Amino acid sequence: MKTVSGDIIIIGSGITAANMAAHLADNTTRSITVIEAGRHSTPFRERGKARDRYLAYGENPWSRDHVDDQNALGVTYGFSPNMHVGGLAMHWGGVAPRYSPEDFTTRSLYGIGDDWPFTYEELDPFYQEAEERMGVAGEQGPPSLDPRGRPFPLPPIPVNYNLKQLQLWARNADIATWSTPSAKNSVPYLGRPQCQRCDTCYPVCPSGAKYSPDFTWDALLSTKKITLVTETLVRRLVADPRTGRIVRATGNRTDAGGEEVTIEGKTFVLAGGFVWSPHLLLLSRDSAFPNGLANRSGLVGKYLAGHRNIGGQISLPMELFPGINAQHSLVSKQFQRASYKGKYLRHDLRIWESGVGRNARLRDDDGTLLLGDALLADWKQRAKGATARVRAYYDVLPDKESKLTLDDTAKNRFGDPMPRVAFKDAPESAALRAWQEEELRNLFRRMAKAGGGEVLSLASSSNDIGQEHPTGGCRMGNDPSTSVVDGWGRAHDHENLWVAGAPAQVSASCCNGTLTFVAVGLRTAAGIVKAG
Amino acid sequence: MALDAAAAPGDTPRTLPQPSPLTRLAVPDDPSASNAAPETHASRRRFLKAAGAVAASAAAATVGSTVGCAPSTSGDGEGKATREEVPQALPTRTLDRRTLDAVGDVVLPSTIGSAGRAQAVEAFVTWVDEYDPVAEEMHGYGYADVRYLPPDPAPGWQSQLIGLDLLAQRMRQRSLAECDAAQRLEVLTAALATVDAQRLPAPLGAPHVALALLSHWANSPGAWDLALEATVAPNTCRQLDGIDAKPRRAFGGTA
C-alpha cells in the first residue's frame with residue numbers, strides 16, 4: 001500500500017485545479033498535493049507534430065489522455081473522456097467570456113431559477129485573477145453591456161478583415177459586437193509567444209499562445225511548490241462519523257499493478273469537474289453516510305445545468321476570405337443584459353467567418369461530375385461572396401432531477417459503478433424552449449435581412465445530447481437544506497472538504513463557462529486560505 | 001467520425017479536420033513517452049497495415065466490380081485483359097504511381113501545372129504512406145466514448161487503381177497511363193458514375209482513390225487560395241500582423 005500526504009489535497013488536475021493550486025501556492029505555506037487519475041499527455045514539444053496529424057487524419061493529438069474503463073454514461077455532450085494532467089482544458093478553444101451580472105440573480109430579477117450566494121461584483125476580483133493567471137486577451141465592450149472592475153490583462157486578438165466586414169453587418173442589424181475574450185496571447189505573455197492564428201486552438205495549439213493548464217503545472221512543479229501524483233484514482237473519501245471531517249482518501253494506481261493508495265491530508269478539494277466530483281461523493285457512501293458524503297440535502301449529483309444553442313449559416317452580399325483566423329469570432333452580450341418584459345430569454349451571440357457553401361463540390365446542380373478544370377471553375381464561383389456563421393447559447397434553468405447517478409450496470413476494474421448523466425430542464429425552461437428557439441431563429445432571419453443576405457441553414461442543439469459547458473452536481477448556497485456547499489465552495493457537512501469550480505455552480509449562464517469555473521475555483525481557494 | 005464532408009475554413013471545430021499535405025513525419029508510438037522505442041510504433045503500424053492489406057485483398061474483386069471492371073481470369077477477346085497482362089491484385093498498400101499520376105492529370109486542375117499536379121500526387125502518396133490505421137480519433141466535445149479512425153484504405157485504393165487500368169484496357173485497349181487526356185477523363189467518368197455524392201468526401205472517407213486524391217488536394221491551403229484567388233493560406237501558422245487588411249489578390253484575381 002502506498003501512502004501520499006499533504007496539507008491540502010486537490011483531487012483532479014484540470015484548469016480549475018491548476019489555477020487554484022497557483023493561488024494557494026502564492027498565498028499559503030501549506031503543502032499542496034495534487035492527485036490525478038490519468039497521466040501526462042502530449043508534451044509541448046510534440047504538439048506541432050500532433051497538430052499536423054490531427055489536421056491530416058483527425059487523429060487525437062492528446063496521447064494517453066483517458067483511463068480506459070473510467071467514463072460517464074448517458075447524455076454527456078460537453079463531456080469528454082479526457083482524464084489526464086490538465087484535463088479537458090488541454091483541448092479547449094480558449095474562449096473566455098465572463099457571465100453577466102444577471103446570471104447571479106435570476107430569481108431576484110426575473111422570478112425564475114435560483115440566485116447564487118454571491119453577486120457578479122463579488123466575483124469580479126476572481127474573474128480578474130483568472131484572466132491574469134491565464135492571460136486573457138479581450139476588448140472592453142460597451143461598459144453597460146460588459147462591466148468589469150479592471151482592464152483585460154492583454155489587448156484583444158485583433159478583429160481581422162473578415163470580422164470587420166461582419167461587424168459592420170451586425171451594426172446594421174443594431175447589434176454591438178467586439179472581439180471575443182480569449183485565453184490566447186495577443187502579445188507575448190508569461191513566457192509564451194504571441195498567437196500565430198494556426199486555427200487549431202481547439203483541439204491543440206502548437207505554439208503555446210493559448211493557455212492550457214500544463215503551463216501552470218509545469219511552473220509549479222519546476223519551483224517545487226506542489227507535488228503532483230499521477231495515475232492515482234481516488235475512489236473513496238472517508239469521513240469521521242462524529243465530526244464529519246474527511247480523514248483520508250483511498251484509491252488505487254491506474255497502472256497495471258493497481259496498487260492501493262491512501263491519501264492523507266488536512267484539507268480536501270474536489271476539482272474533478274461536474275462529473276467526477278459528485279461521482280466521488282456518491283461513491284463515498286458508508287454506514288455513517290449512506291447517501292454519500294456532503295449529501296444531507298440529497299442534492300449531490302442534482303441540478304446539473306448547461307445551455308443549448310441555435311446556430312446558423314447566413315450568406316451575405318460581401319466578400320470574405322475564409323481562413324484568415326477562422327476560430328476567432330465576434331461576441332455580443334447585448335442579449336444577456338436586456339431587460340425582460342414578459343417571456344424570459346437571455347442569450348449570447350457569436351459571429352464567425354465561414355467557408356460553408358464555398359468549398360469544392362463533386363457534382364454541380366445538374367448532377368454533372370466535376371473534375372479538374374471544371375471543378376476549379378465551379379469552385380471559384382462558389383468561393384465568391386461570403387458566409388457568416390452565427391450561434392446563440394441560451395440558458396437553460398436546471399431541474400432538481402437533472403442529475404448524475406451511479407450506474408451499477410457499468411463498473412470499472414475496481415468494481416466502482418460509473419456515473420450516468422441525464423439532463424432535465426426546469427419546468428419554466430421546458431415551457432419556454434420552443435418559443436425561445438424560434439426567437440433566436442427570428443433574430444438570425446432579421447440579421448440576414450439587415451445585410452441583404454439569406455439564411456442558408458439553422459440548427460438547434462439536438463435534444464438528446466445533453467447541454468453544453470455543463471455545471472452543477474454540488475450546487476452552492478447559503479441554506480444547507482437546498483445546497484451541497486456554501487458560497488465559498490465548502491461542504492456544509494464536512495468542514496475540511498471543498499468542491500471547486502463547475503460542479504459548485506448554481507447555473508451555467510448562456511456563454512462559454514471555463515473562465516467562470518476558474519474564477520469560482522479561485523474564490524474557493526481564497527476561502528481555503530482564509531479558513532487557514 | 002463523420003467522414004462525409006471536407007471541412008471548410010470557418011466550419012465549426014466539431015467537423016472533420018481539414019487535411020493538408022504532410023511532409024514525412026516521424027511520429028513515435030506515444031509522443032509523450034520520450035523513452036518509447038520507435039520500433040514499437042513501426043511494428044504496430046506495419047502489423048495494422050499488413051492486416052488491412054490482407055483484408056483488402058479478399059475484398060479486391062468486390063471493389064473492382066463497383067466500377068464494372070472485375071479482373072478477368074481469361075483473355076477472351078479484343079481489349080479484354082488477362083491476369084497475365086495487368087498487375088496482380090496483390091495484398092499491397094503501395095499505390096501504383098504511374099496510374100495515380102494519370103488519375104491526377106484528370107482530377108486535378110491544369111492551372112497548377114504538371115509540376116503542381118506531381119506535387120499534389122506526391123503529397124497524397126506521402127499522406128497515405130503515413131496513415132496510422134485505427135489510430136485514436138480526436139474526441140473532443142460531442143461524444144464521450146473513444147472512437148477510432150478507419151482501417152487502412154490503401155489496399156482498397158490500390159485495387160481501384162488496378163481496376164482503372166483494367167477499365168482503360170476494356171474501353172480503350174491501353175493502360176490508363178497510355179490513354180490521352182480525353183480517354184482518361186472518359187475512363188474516370190465511367191469509374192465514378194456510381195459515386196452518388198454531391199459533396200466532395202473527405203479523403204479518408206472517399207469511396208474511390210480518385211476522389212481521395214482530389215479531396216486531399218482540395219483541402220490544402222494552396223487549393224483554397226487558388227479558389228479564392230487570394231493569399232489567405234488557411235490552417236497555416238503565421239503572424240497576426242496585417243490581419244485586418246484585405247488579403248492580397250493572387251492567381252489572376254482582381255482587387
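Predicted model: local features only at pLDDT ≥ 70, side-chain atom pairs only at ≥ 80, totals over all residues.
The structure holds 1 disulfide over all chains. The torsion about the S-S bond of Cys198(A) and Cys237(B) is about 125°, so the disulfide is right-handed. Because Cys198(A) lies in the loop between strand E4 (178-179) and helix H6 (213-222) of chain A, and Cys237(B) in the segment after helix H7 (221-228) of chain B, the pair joins two chains; helices (H or I, at least four residues) and strands (E, at least two) are DSSP runs, numbered from the N terminus.

Cys198(A) counts as buried at 6% relative accessibility, whereas Cys237(B), at 34%, counts as partly exposed; buried means under 20% relative accessible area, exposed over 50%, and partly exposed in between (1.4 Å probe, protein chains only). Cys195(A) is in no disulfide, the nearest cysteine sulfur being that of Cys201(A), 6.0 Å away, and Cys195(A) counts as buried at 8% relative accessibility. Cys201(A), likewise in no disulfide, counts as buried at 9% relative accessibility.

The contact (heavy atoms within 4.5 Å) takes 85 residues from chain A and 83 residues from chain B. Between them, chain A and chain B bury about 6,900 Å², 59% of it on carbon and sulfur atoms, buried area being the accessible area (1.4 Å probe) that two parts lose on being put together, summed over both. Across this interface 5 salt bridges are found, a salt bridge being a side-chain nitrogen of Lys or Arg within 4 Å of a carboxyl oxygen of Asp or Glu. Glu319(A) forms a salt bridge with Arg249(B), the closest N and O atoms being 2.1 Å apart. The elements that give two or more residues to the side of chain A that touches chain B are helices H2 (47-57), H5 (161-172) and H8 (372-383) and strands E11 (349-354) and E12 (386-396) of chain A. The largest share of that side, 8 residues, comes from H2(A).

Residues are numbered from 1 along each chain as its sequence is written, and chains are lettered from A and ligands numbered from 1 in the order in which they are written. Local features need pLDDT of at least 70 and side-chain atom pairs count only at pLDDT 80 or more, while totals for chains, interfaces and linings use all residues, and side-chain values use heavy atoms, with hydrogens and water left out.

Conventions
Disulfide = S-S within 2.5 Å.
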